[in-house]
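Subject: Structure handover

Hi,

Here is the structure for you to look at. My notes follow below it.

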Amino acid sequence: MYSEKVMDHFQHPRNVGEIEGASGVGTVGNAKCGDIMRMYLDIDENQVIRDCKFKTFGCGAAVATSSMATELVKGKTIYEALQITNKAVMEALDGLPPVKVHCSLLAEEAIHAALWDYAEKHNIKIEGLEKPKNDISEGLEEEDY
């Protein structure tokens with residue numbers, strides 16, 4: 001049911017924790033399944049993500065997608081990080097069962113929420129970034145899961 005990569009990231013998650021004085025912090029959730037994901041970004045003066053950590057309350061797939069998302073954004077510019085989609089997270093994990101696709105959406109939205117927080121703190125506009133939803137289940141149809 002789950003790929004070896006999903007199981008590895010669930011059993012040995014990377015980058016768990018908080019970043020004190022983070023450049024950007026984003027928290028998103030899914031009211032339908034109860035998952036909550038918080039992403040912390042440390043961004044340098046060149047807008048490159050030096051570090052990324054997460055805290056997730058949720059199922060194994062939510063932990064695995066959080067872990068993989070942090071790996072994917074590290075070392076990227078804010079604009080490169082903005083391009084990381086839920087599909088990229090799923091591909092990096094060698095796929096997710098259809099009922100767990102929403103976890104990858106949560107990871108994508110957590111990145112966006114942290115970037116949004118960074119942009120607000122630094123009074124900048126990140127082209128292409130829209131204000132994230134706090135609850136990703138808003139507007140999703142049941143079959144989207």
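**The sheet**

Three strands form an open sheet in the order β1-β2-β3, and their pairing is antiparallel. The edge strands are β1 (24–30) and β3 (49–57), each pairing on one side only. Neighbouring strands are turned against each other by 15° on average, direction ignored. Please keep in mind that this is a predicted model.

Now the pairing in detail. Strands of a sheet pair through backbone hydrogen bonds, either parallel or antiparallel. Strand β2 covers residues 35–43 and pairs with β3 in the antiparallel sense, over eight bridges. For L41, the bridge partner in β3 is C52.

**Helices on the sheet**

Which strands does helix α2 touch? Helix α2 (residues 60–73) packs on the sheet and touches β2 and β3. The direction of α2 makes about 175° with that of β3. Helix α5 (residues 101–121) lies across β1 and β2. Its angle to β1 is about 145°.

**Salt bridges**

Side chains of opposite charge can pair when their charged atoms come close. How many salt bridges does the structure hold? There are seven. Three of them are described here, starting with D94 and K5.

- D94 and K5: the closest N and O atoms are 3.9 Å apart. The pair links distant parts of the chain, 89 residues apart. D94 sits in the loop between α4 (86–92) and α5, while K5 belongs to helix α1 (residues 4–11). K5 is partly exposed, at a relative accessible area of 38%.
- D42 and R50: their side chains meet in a salt bridge at 3.1 Å, N to O. R50 is partly exposed, with a relative accessible area of 47%.
- K74 and D51: these side chains also form a salt bridge, at 3.5 Å from N to O. K74 lies in the loop between α2 and α3 (78–82) and D51 lies in strand β3, so the pair ties together parts that are 23 residues apart in sequence. K74 is partly exposed, its relative accessible area being 30%.

Which residues are joined into one network? Salt bridges with shared partners join D51, K53 and K74.

**Where to look**

Then turn to D94 and K5, the pair that links distant parts of the chain.

Best wishes

Methods
Residues are numbered from 1 along each chain as its sequence is written. This is a predicted model: local features need pLDDT of at least 70, side-chain atom pairs count only at pLDDT 80 or more; totals for chains, interfaces and linings use all residues. Side-chain values use heavy atoms; hydrogens and water are left out. Two strands pair if DSSP finds at least two bridges between them. Helices (H or I, at least four residues) and strands (E, at least two) are DSSP runs, numbered from the N terminus. Axes are lines fitted to C-alpha atoms, for helices over the stretch in contact, and angles run from 0 to 180 degrees between N-to-C directions. Contact means heavy atoms within 4.5 Å. A salt bridge is a side-chain nitrogen of Lys or Arg within 4 Å of a carboxyl oxygen of Asp or Glu. Buried means under 20% relative accessible area, exposed over 50%, partly exposed in between (1.4 Å probe, protein chains only).
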